[in-house]
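Welcome! Please take a look at the sequence and the structure below, and then we will walk through some parts of it together.

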Amino acid sequence: MVEFVKYQALGNDYLLVEPRCGDTALGPEPAPEAVRLLCDRHYGVGADGLLLGPLEPPRPGTPVLLRIFNADGSECGMSGNGLRMFALYLAEHHVEQWRAGEPFTIRTRGGDAEVRIVDLADGLVRVGMGLPQFTTMEGDGDSGVSGVAVPLAGEGPDTVVAVTDLNLGVPHTVVFRDRIDGELAQRLGPALAWHSRYPEGTNVEFVRVHDDHTLDAVVWERAVGRVPASGSGACAAAAAAHARGFVGRDVTVRMPGGEVEVSVARDGRVSLTGTAREVMRGVLSSSLRTELAARRAAPKSSGREGT
C-alpha cells in the first residue's frame, strides 16, 4: 500500500498523505514532532512540507479540503506550489473531468483557491491566489505599498531595510534590490523573517526588477529557510512590484528553481501558473512508523505557528 506520494514544483517539494486511505503513520491529527521527522531530509523521507488531503471524497462542485504543514511542523495557510501539486494529484487520481481543464476549488486554512489543469501531460496548473492585502507597519490594512523602513541589528549598509508587507493567505515581506543572490537571503532572511515587527514571522522575498514584465526573486521562508522556489512568494513579489508601478499585469518571476507566470487582474486578484510533477511513491519502514507513533504520543511542543 502506498503511504505517501512526493511531488515537486521547481524544486520545492511536498509529501502528500491521503488520510482517507486507512491508518496513516501520522494518525488522525498530525503532531508537529511527527511532521518534522517525516519531512527531515536525514532521518525521515525529506520534504519542504506536507499536504494532508483530500479530507473528504472529492467530487465536482464541492471544494476539496486540504491541510498544509510546513517542515517545522507548523500548519500553513496557503502554498502556491503546494496547491499546484495537490490539484495535479486530484486530477490524476480522483476526478477524471478535472484533467481536461474544468475549474475546481481547493479549500485551505488560508481560504479557497480556484484551480485549473492547463496541461495534464506537462503538469501545468493555474491557481487563483486571491486578493493581496497590503499592510502598514501597524497592520491596519491600508495600502502600504510604498514600503516602510525596518531597523536591523548590526552595522553596515543593511541596518535599515525598506520592505513592502502584504498578506496573500500567508504573510510576505518583499525587499526590492538592484542585486540579489543567495548570500543576501542568507544574511537578511532570518533577521527579517523573525523580526519583532512580525510576531508570527513572515516569508521574505528579495526581488530584482529585470524589466517591466520580468522579476528575479530569491525566497527565504520562515519555516524552512531558503527555498529554490515559492509560488505564493512569486505572487507576493509580482503583486508588490505591480502595485509600485515597476511591472505590468502579466509577470514572469524567475527563481533559482525555475520560473512561473503571475497575472494581476484589474481588481487586484493574483493568479499563478506553473508546473509540478510527481517524484515518487513510497511505503514507510516499520521502524520509522514506530518512531512516528512515539512522536505522536509525546507531549506537544509549543512551537511557532507557521504559514
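**A helix, its strands and a sheet**

In helix H4, the residues Gly231, Ser232, Gly233, Ala234, Cys235, Ala236, Ala237, Ala238, Ala239, Ala240 and Ala241 are buried. Keep in mind that this is a predicted model. With 11 of its 13 residues buried, meaning under 20% relative accessible area, H4 is largely enclosed by the rest of the structure.

- H4 covers residues 231-243, and from its first C-alpha to its last it reaches 18 Å, close to the 18 Å expected at 1.5 Å a residue.
- After H4 comes Gly245, which has a positive phi, near 85°.

**Strand E17 and its partners**

- Strand E17 (residues 250-255) pairs with strand E15 (residues 214-221) in the parallel sense, and the pairing has 3 bridges.
- To find this pairing in the picture, look for Thr214, which stands opposite Thr252 in E17.
- E17 also pairs with strand E18 (residues 258-264); these two run antiparallel and are joined by 6 bridges.
- Here, Val251 stands opposite Val262 in E18.
- How many residues does the hairpin use to join E17 to E18? The hairpin passes through 2 residues.
- As a general point to remember while looking at strands, the side chains in a regular strand alternate between the two faces of the sheet.

**A six-stranded open sheet**

- Another part to trace is an open sheet of 6 strands, in the order E6-E5-E3-E2-E1-E20, where the pairing is mixed.
- Strand E6 (75-76) and strand E20 (277-282) are at the edges; each has a single partner strand, so one side of each is left without a neighbour in the sheet.
- The partner strands E1 (residues 4-9) and E20 run antiparallel, with 5 bridges between them.
- Within this pair, Gln8 is found opposite Arg277 in E20.

**Helices that meet the sheet**

- Helix H1 (residues 32-39) packs on the sheet, where it touches strand E2 (12-17), strand E3 (49-52) and strand E5 (67-70).
- The direction of H1 makes about 115° with that of E3.
- Which strands does helix H2 (residues 80-93) lie across? H2 lies across E1, E2, E3 and E20, and runs at about 130° to E1.

How values were computed. Residues are numbered from 1 along each chain as its sequence is written. This is a predicted model: local features need pLDDT of at least 70, side-chain atom pairs count only at pLDDT 80 or more; totals for chains, interfaces and linings use all residues. Side-chain values use heavy atoms; hydrogens and water are left out. Helices (H or I, at least four residues) and strands (E, at least two) are DSSP runs, numbered from the N terminus. The expected span of a helix is 1.5 Å times one less than its number of residues. Buried means under 20% relative accessible area, exposed over 50%, partly exposed in between (1.4 Å probe, protein chains only). Two strands pair if DSSP finds at least two bridges between them. Contact means heavy atoms within 4.5 Å. Axes are lines fitted to C-alpha atoms, for helices over the stretch in contact, and angles run from 0 to 180 degrees between N-to-C directions.
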